[in-house]
Amino acid sequence: MELKGRVVVVTGGTRGVGAGIARSFLAAGAEVAVCARRPPDRPVEEEGGREAAFTAVDLRDPAAVGEFLDGVAGRYGRLDCLVNNAGGTPYRLLGEGGPERHARVVALNLVAPLTASLAAYPWLRASRGSVVMIGSVSGTRPSPGTAAYGAAKAGLENLARSMAVEWAPEVRVNSLVLGMVRTELAHLHYGDGAGVAAVAATVPLGRLAEPADVGEAAVFLASDRAAYVSGASLLVHGGGERPAFLAAATANRGEAGGDGPAGPPR
């Protein structure tokens with residue numbers, strides 16, 4: 001219960017990764033408020049029965065965002081952490097749909113976190129709190145089919161580092177850079193059970209992340225244990241991805257960890 005008495009907002013906190021983050025903060029003792037455009041099918045709660053408060057908000061509406069965050073801080077008397085989790089994208093090649101659809105992806109995944117952070121800043125400065133950006137490995141590697149999303153996530157990581165410098169020492173800002181996560185929507189990205197298992201086998205740790213894995217990392221960054229951590233990007237990706245050349249090479253197989261070529265002779 002290391003965050004007892006703290007107040008946390010998780011955007012997009014009604015399902016998937018966001019709900020996992022919210023539950024982790026609840027379990028750590030925090031008061032949690034979540035927002036999304038639509039209410040969850042059931043309240044977001046942790047095992048002890050404590051629930052997150054829900055408000056319907058369109059994060060692309062700056063006035064609504066400001067009203068929501070001021071309302072949370074006014075209700076609890078403070079705001080200690082903003083987790084910018086809301087985001088996502090459909091699979092869409094760059095040549096499909098037109099630029100306005102790609103622009104909407106950027107608006108949700110980059111502009112909306114900036115809008116929320118600016119609205120939360122006065123409250124976070126008063127509490128010497130923190131911002132946690134939920135990024136993606138899509139922002140650090142090519143993202144065919146989700147190029148606008150990858151570009152937005154790359155921008156989000158840079159935004160976090162700039163905010164960390166501008167807002168120090170009152171407000172810490174960090175990023176969680178996520179790999180693949182098993183959520184209720186995993187089948188839309190990876191297919192049926194066999195597809196999910198096959199994708200999980202490509203991760204060095206042998207599985208997809210669970211939302212709780214992300215939540216525990218977010219709690220750490222918001223806690224006093226991370227008091228000297230700001231402007232950092234914490235990779236939560238199970239070790240990343242095995243380089244494709246390891247499986248493709250025909251020389252020295254089995255001499256470098258059993259699955260690829262060894263390095264050149266010295």
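Mentor: A residue is called buried under 20% relative accessible area, exposed over 50%, and partly exposed in between. Please keep in mind that this is a predicted model.

Trainee: Then is E241 buried, exposed or partly exposed?

Mentor: E241 has a relative accessible area of 49%, so it counts as partly exposed.

Trainee: And which residue does E241 form a salt bridge with?

Mentor: The partner is R141, and the closest N and O atoms of the two are 3.4 Å apart. E241 sits in the loop between β7 (233-236) and α8 (244-248), while R141 sits in the loop between β5 (130-136) and α4 (147-167), so the pair ties together parts that are 100 residues apart in sequence. R141 is partly exposed as well, at 34% relative accessibility.

Trainee: How many salt bridges does the count come to?

Mentor: The count comes to eight salt bridges. Among them is the pair E31 and R50, whose side chains meet at 3.6 Å, N to O. Since E31 belongs to strand β2 (residues 31-36) and R50 to the loop between β2 and β3 (53-56), this pair ties together parts that are 19 residues apart in sequence.

Trainee: How accessible is E31, and what about R50?

Mentor: E31 has a relative accessible area of 33% and is partly exposed. R50, at 25%, is also partly exposed.

Trainee: Changing topic, where is A30 found?

Mentor: A30 is in the loop between α1 (16-27) and β2. A30 counts as buried, at 0% relative accessibility.

Trainee: Which residues is A30 in contact with, leaving aside its neighbours within four places in sequence?

Mentor: Those contacts are L3, R6, V8, F25 and R50. R50 is the residue that pairs with E31 in a salt bridge. For a distance in space, the C-alpha atoms of A30 and D213 are 18 Å apart, and the two residues are 183 apart in sequence.

Trainee: Now helix α6, please. Which of its residues are buried?

Mentor: G195, V196, V199 and A200 are buried in α6. Seen down the helix axis, the buried residues of α6 fall within an arc of 135°, so they line one face of the helix. On the other side of α6, G193 and A194 are exposed.

Trainee: What does V199 touch, not counting residues up to four places away in sequence?

Mentor: V199 touches M180, Y190 and L208. Its C-alpha atom is separated by 22 Å from that of G215, which is 16 residues apart from V199 along the chain.

Trainee: Last topic, the backbone. Which peptide bond is cis?

Mentor: The bond from A168 to P169 is cis, with omega near 0°. P169 is in the loop between α4 and β6 (172-178).

Trainee: And what is the phi of R128?

Mentor: R128 has a positive phi of about 55°, although it is not a glycine. R128 is in the loop between α3 (99-127) and β5, and at 53% relative accessibility R128 counts as exposed.

Methods
Residues are numbered from 1 along each chain as its sequence is written. This is a predicted model: local features need pLDDT of at least 70, side-chain atom pairs count only at pLDDT 80 or more; totals for chains, interfaces and linings use all residues. Side-chain values use heavy atoms; hydrogens and water are left out. Contact means heavy atoms within 4.5 Å. Buried means under 20% relative accessible area, exposed over 50%, partly exposed in between (1.4 Å probe, protein chains only). Helices (H or I, at least four residues) and strands (E, at least two) are DSSP runs, numbered from the N terminus. The arc is that of the directions from the helix axis to the C-beta atoms. A salt bridge is a side-chain nitrogen of Lys or Arg within 4 Å of a carboxyl oxygen of Asp or Glu.
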